[in-house]
Structure formats: structure tokens, C-alpha cells
Amino acid sequence: MKKGKRYQEAAKLVDNTKTYDAKEALEIIEKMPKPKFDETVELHVRLGVDSKQADQQVRGTVVLPHGTGKTQRVLVFAKGDKAKEAEEAGADFVGAEELVPKIEKDNWFEYDVIVATPDMMGVIGRLGKVLGPKGLMPNPKSGTVTMDVTKAVTEIKSGKVEYRLDKTNIVHLGFGKVSFGSAKLLENYETIIGAIEKAKPASAKGQYIKSIAFTTTMGPGLYINN
């Protein structure tokens, strides 16, 4: 499949035979011809672990110093005082059982993250088949099942992201927009890679980080030194 003219121009800036220092790679991305929208800069980290093993899962959350450039819409499942707390914290949507048919039958997905108080997990469990495949199920490990809904909503709104292995042992994550510039993107990248390094499972043997690559939404990839 032939690539467009803009992609071909961007690809001329990349040497596929070498790996780049992260700062240099981000400076190259900055110089690439721009499409009509602000591209996301993506990180792809291949790890030397086996995602099929329960003790080799790599998953966690981190708050990026400069956010992701995307406004996260937050749905909170909570009742009473906790529902009020969620509204005051800036949650976009707050509710309980009444939201189940709306999600199940009306295919309502106008949110990016779901936070829930522990007492609501029985209700959310009924939505597992719908929310699971979309990666929307709240999880204690990602801080989205919690009584501290204020903290959860505030962190998500300020740039908290979740990283997790896929089935091929790769972590994929957007860590900002091209318009951020290389300096801010570098700070975001260093924050994420530091978190992934700290999350190394004790049972992981050999080389932990196998490869690192940056891409943009519409651009070529650059391999990074690790």
C-alpha cells in the first residue's frame, strides 16, 4: 500500500538503520510535515516478559507532568455523598444502577474512563461483557475502584494514564501531542519509562526492555536507545 506524500516526506527524516536518543527522536518528530490535526505521539515498549503468566503482568498508572493533550471524560458510579463528591471533583457523568440499561441497550459510551466506589462493583459486573472489550472496566490496580473519588477524578483530569501489556508483551501508550514540543514530550516520556522500569516483575529474567519506538498518529516510527 502506497503511503501519502506527507508520510514519505516525514520518512525521509528517519534513518531506519539506527536507534535514536529520545530527545533527538522527538526533535525529528517536531520537524515532520504536519497534517491538519494535532497528532498524538505514541510510545511502544516491547518487554521481555510473558503476559500469559500472572506473576509477569506489567500494569500501572502514572500522572504525566504535561498531561496527554486530550480531555478525559470521566463517568463515576457512586451513590449518596460519594456521588456528590464526584460531581464536585469535576466528573462528567455520575450515576448508579440507572446507567446500566443506558450502557447496555443504548450503547452509551460518551466517556473515556470509569471510576467506581467498591460498593458499586456488583452493578458494574453486569456490564463486564460490554465494558471489558473496550478496556473500560474499573480496576483497583489502576486506581479506578476507590472510595477516594475526588483524587481519582482529579488525577485523571490532570493527565493520569494507564499502561498495560497487550497479548504480544508490548505496552502501547499516547504520551502527548506533537504541538507540546520536544522538551515537554521528553519529560512525559521519561516519567512513563521510569514507571515501567519500576514495574518490572520480580520473576522476569533476562533483558526487561527489548525495544522502544515512537510513532505519531500518521507518521513513521523511530526506534529509541534503551
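Colleague: Which residues does His-44 touch, not counting residues up to four places away in sequence?

Modeller: His-44 is found in strand S1, where strands are DSSP runs of E of at least two residues and helices are runs of H or I of at least four, both numbered from the N terminus. Taking contact to mean heavy atoms within 4.5 Å, and setting aside residues up to four places away in sequence, His-44 touches Ile-170, Val-171, His-172, Ser-211, Ile-212, Ala-213 and Thr-215.

Colleague: What pLDDT do side-chain atom pairs need in order to count?

Modeller: Residues are numbered from 1 along each chain as its sequence is written, and side-chain values use heavy atoms, with hydrogens and water left out. This is a predicted model, in which totals for chains, interfaces and linings use all residues, whereas local features need pLDDT of at least 70 and side-chain atom pairs count only at pLDDT 80 or more.

Colleague: With which side chain does that of His-44 make a polar contact?

Modeller: A polar contact is a pair of N or O atoms within 3.5 Å; within protein, one must be able to donate a hydrogen and the other to accept it, and residues adjacent in sequence count only if both atoms are side-chain atoms. By that rule the side chain of His-44 has such a partner at 3.0 Å, and the partner is the side chain of Thr-215.

Colleague: Does Glu-39 count as buried or exposed?

Modeller: Glu-39 lies in the loop between helix H2 (22-31) and strand S1 (40-47). A residue is buried under 20% relative accessible area, exposed over 50% and partly exposed in between, with a 1.4 Å probe and protein chains only. Because its relative accessibility is 4%, Glu-39 counts as buried.

Colleague: Which residue has its backbone nitrogen 2.8 Å from a polar atom of the side chain of Glu-39?

Modeller: Beyond its neighbours within four places in sequence, Glu-39 is in contact with several residues, including Arg-6, Lys-177, Thr-217 and Met-218. The backbone nitrogen that lies 2.8 Å from a polar atom of the Glu-39 side chain belongs to Met-218.

Colleague: Within what arc do the buried residues of H7 fall?

Modeller: In helix H7 (residues 149-157), the buried residues are Val-149, Ala-152, Val-153 and Ile-156. Seen down the helix axis, using the directions from the axis to the C-beta atoms, these buried residues line one face of H7, because they fall within an arc of 90 degrees.

Colleague: How far apart are the end C-alpha atoms of H8?

Modeller: The expected span of a helix is 1.5 Å times one less than its number of residues. For the 17 residues of H8 this should give 24 Å, which agrees with the separation of its end C-alpha atoms, 24 Å.

Colleague: What percentage of the residues in the protein is buried?

Modeller: The protein has 8 helices and 9 strands, and its C-alpha trace spans about 55 × 45 × 35 Å along its principal axes. Of its 226 residues, the buried ones make up 45%.
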